[in-house]
Amino acid sequence: MLKLHKINKSFGDLKVLIDIDLEVRKGEIISIIGPSGSGKSTLLRCISGLEKIDSGNINIDGSIGMVFQQFNLFPHYSVVENIYKPLTVINKMDRKEAKEIALNLLAKVKLEDKADSYPAKLSGGQKQRVAIARALAMSPKIMLFDEPTSALDPELTLEVLQTIKDLSKEDMTMVIVTHEMNFAREVSNRTIFMDEGRIVEDGPAEEVFLRPKNNRTKAFLKRINIL
């Protein structure tokens, strides 16, 4: 579904991504963990095309949906309009058909009763679930999540994590940058540990969390009381 070869990215003199090689197969759920500033979010932004790489190749089989830390909803549109408007504008879809898709997706994220509400009336967790529904509306083959719960308090975080867990049961290919270690371990097939712009460790989630091979990974997990 996705193949990265020797990806490099710098901001001025700061090297953010260094020789990144990564393959993502259909149906895989990959969590990317690591300290702040290790290049995790930049990697997702390069995959999605929001950042231009300096060198290397990115090959993608299909479309990509992305969910950001901030929800980026249009405040002057209702919840259902936030989901179906892009379908009518970008995909030139009929409004009735687009709205039906939007309502079905709101049911999927358990927010059908908020269809006519406006973002200002929603909690942070509800806004993020609307953002997930909006990304799903474009029928992506791969979903990217960039710290989807970082702006939420613990109770609202659980709502969003449950929504992502539900998606994981539908064979959706996902790459998730997260600081929620227990969630990453539970939901992922593979876990990648990044540090200083490099992929330091890549393996089955259980092995990375319980028996990491790299000393830097071990030090990180011990520091946050996982090991």
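Reply: A salt bridge is counted here when a side-chain nitrogen of Lys or Arg lies within 4 Å of a carboxyl oxygen of Asp or Glu. This is a predicted model, in which local features need pLDDT of at least 70 and side-chain atom pairs count only at pLDDT 80 or more, while totals for chains, interfaces and linings use all residues. Residues are numbered from 1 along each chain as its sequence is written, and side-chain values use heavy atoms, with hydrogens and water left out.

Me: What makes K3 and E23 a salt bridge?

Reply: The closest N and O atoms of K3 and E23 are 3.7 Å apart, and the limit is 4 Å, so the pair qualifies. K3 belongs to strand β1 (residues 2-11) and E23 to strand β2 (residues 14-24), so the bridge ties together parts that are 20 residues apart in sequence; strands are DSSP runs of E with at least two residues, helices are runs of H or I with at least four, and both are numbered from the N terminus.

Me: Why does K3 count as partly exposed?

Reply: Buried means under 20% relative accessible area and exposed over 50%, with partly exposed in between (1.4 Å probe, protein chains only). K3 has 42% relative accessibility and therefore counts as partly exposed, and E23, at 39%, is also partly exposed.

Me: Why is R190 called buried?

Reply: R190 has a relative accessible area of 11%, which is why it is called buried, and E28, also at 11%, is buried as well. The side chains of R190 and E28 meet in a salt bridge at 3.0 Å, N to O. R190 lies in strand β8 (residues 190-195) and E28 in the loop between β2 and β3 (29-33), so this pair ties together parts that are 162 residues apart in sequence. R25, E28, R190 and D202 are linked in a network of salt bridges.

Me: Why are the buried residues of α5 said to line one face of the helix?

Reply: In α5, the residues L156, T157, V160, L161, T163, I164 and L167 are buried. Seen down the axis of α5, these buried residues fall within an arc of 150 degrees, so they line one face; the arc is that of the directions from the helix axis to the C-beta atoms. On the other side of α5, P154, E155 and L158 are exposed.
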